[in-house]
Structures are given as C-alpha cells and as structure tokens.
Amino acid sequence: MDTKGLEPIFSRYEGEVSDLIPVLQDIQDEYRYLPKDALVVVSERLNVPLTQIFSVATFYKMFSLVPKGKHQIKLCLGTTCHLQGGPRLLDSVTNRLGVEPGGTTRDLQFSLDTVACLGSCAQAPVMMIDDNYYGRVPVASVPKILKIYKKPKDEK
Ligand code: FES
C-alpha cells in the first residue's frame, strides 16, 4: 500500500503513544481495515512496538486486520430481538449475501456482524446498516433493504 495516504492522519496528532488508538481509528475509517504496512508506519511514528499495536488491533472489535465491506451490517441477536425473529432475519441476510457473521462479501460491499443489543429493543428485530436503523424488520423486506446499498451493477 501507499503509506503516503497516512500523512493527513498523522498531521492531526502529536505523535505520542497516547495517540495510538485515535490514529488506528482514523486508519480503520480511511481504509476500512488496518493494513499491515500502515501498522509498521504507526509503530515507527509513535515509537510503539509492532507487537503492542497488534495486541490493541486484535483486542478491540472495532478494528479489523482484514478488509471490511463498504457497508457494515449489525444484526441484533439480543434477548428481545432473538425472541422477535432475529435468528430468522439473520438466516435471510446470510443466505442473501452468502456470508456468515464476522465475514465480508467477496465484492467487499457488506460486512456482517451480530451484536447483543442496539438499544432499540421496542423495535425488535433490529438491524443497522452503516448509520441507519431498521426496526421490526420482516424477513420478506431483507432483499429490498439490501438493494439500497448494493452497487448499481449488482441490481437486477
Ligand atoms: S435486543 Fe435487539 S435492540 Fe435490544
């Protein structure tokens, strides 16, 4: 990767060890994952051992060491959503996208994760795509919702 793209990120920080997590968050936002080449540069610039950076990167669920999809799906399987059809909703999404929770579609359009609660239990079952909430989601509406986020060439 071209690590020159990291310069705008480093310019926002002092280069202190305490900047590690914010810098990693910015890299994750920019690239949708933490490329190894970028972590090597972070190690040099913040003077933090690479092993420590990998520990942080693997500890927090918000970071990924593999490319994530353009759109992040968070499907709730908390107690209320579970009772209100969350598992059926998950089956529909996984079948439709061909990806299991924790995975990313081959075309890098979607990453799918399950979560314990999205704080909207009254709307169960709930899922989020990027910053958008979908509540009381009928299984039948999954194709229509996903279509909103698909690349135009994928539309049929
Ligand atoms: S259990 Fe799903 S939003 Fe709370």
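Biologist: Which strands does helix α6 lie across?

Modeller: This is a predicted model, and in it α6, residues 86–97, lies across β1, β2 and β3. The helix runs at about 150° to β1.

Biologist: Which residues of α6 are buried?

Modeller: Those are G86, L89, L90, S92, V93, T94 and L97.

Biologist: And what covers them?

Modeller: The cover over the buried residues of α6 includes β1, β2 and β3, along with the helices α5 (79–83) and α7 (142–149).

Biologist: How far apart are the end C-alpha atoms of α6?

Modeller: They are 16 Å apart. With 12 residues at 1.5 Å a residue, α6 should span 16 Å, so the two agree. The expected span is 1.5 Å times one less than the number of residues.

Biologist: What comes just after α6?

Modeller: G98, which takes a positive phi of about 70°.

Biologist: OK, switching to the sheet. What's the strand order?

Modeller: β2-β1-β3-β4, in an open sheet of four strands with mixed pairing.

Biologist: Which strands stand at the edges?

Modeller: β2 (110–115) and β4 (132–134) do. Each has a single partner strand, so one side of each is left without a neighbour in the sheet. As for the twist, it averages 20° from one strand to the next.

Biologist: Back to β2: do β1 and β2 run parallel or antiparallel, and how many bridges join them?

Modeller: They run parallel, and six bridges join β1 (residues 71–76) to β2.

Biologist: Which residue in β2 is the bridge partner of Q72?

Modeller: That's S111.

Biologist: What do strands pair through, in general?

Modeller: Strands of a sheet pair through backbone hydrogen bonds.

Technical notes: Residues are numbered from 1 along each chain as its sequence is written. This is a predicted model: local features need pLDDT of at least 70, side-chain atom pairs count only at pLDDT 80 or more; totals for chains, interfaces and linings use all residues. Side-chain values use heavy atoms; hydrogens and water are left out. Two strands pair if DSSP finds at least two bridges between them. Helices (H or I, at least four residues) and strands (E, at least two) are DSSP runs, numbered from the N terminus. Axes are lines fitted to C-alpha atoms, for helices over the stretch in contact, and angles run from 0 to 180 degrees between N-to-C directions. Contact means heavy atoms within 4.5 Å. Buried means under 20% relative accessible area, exposed over 50%, partly exposed in between (1.4 Å probe, protein chains only).
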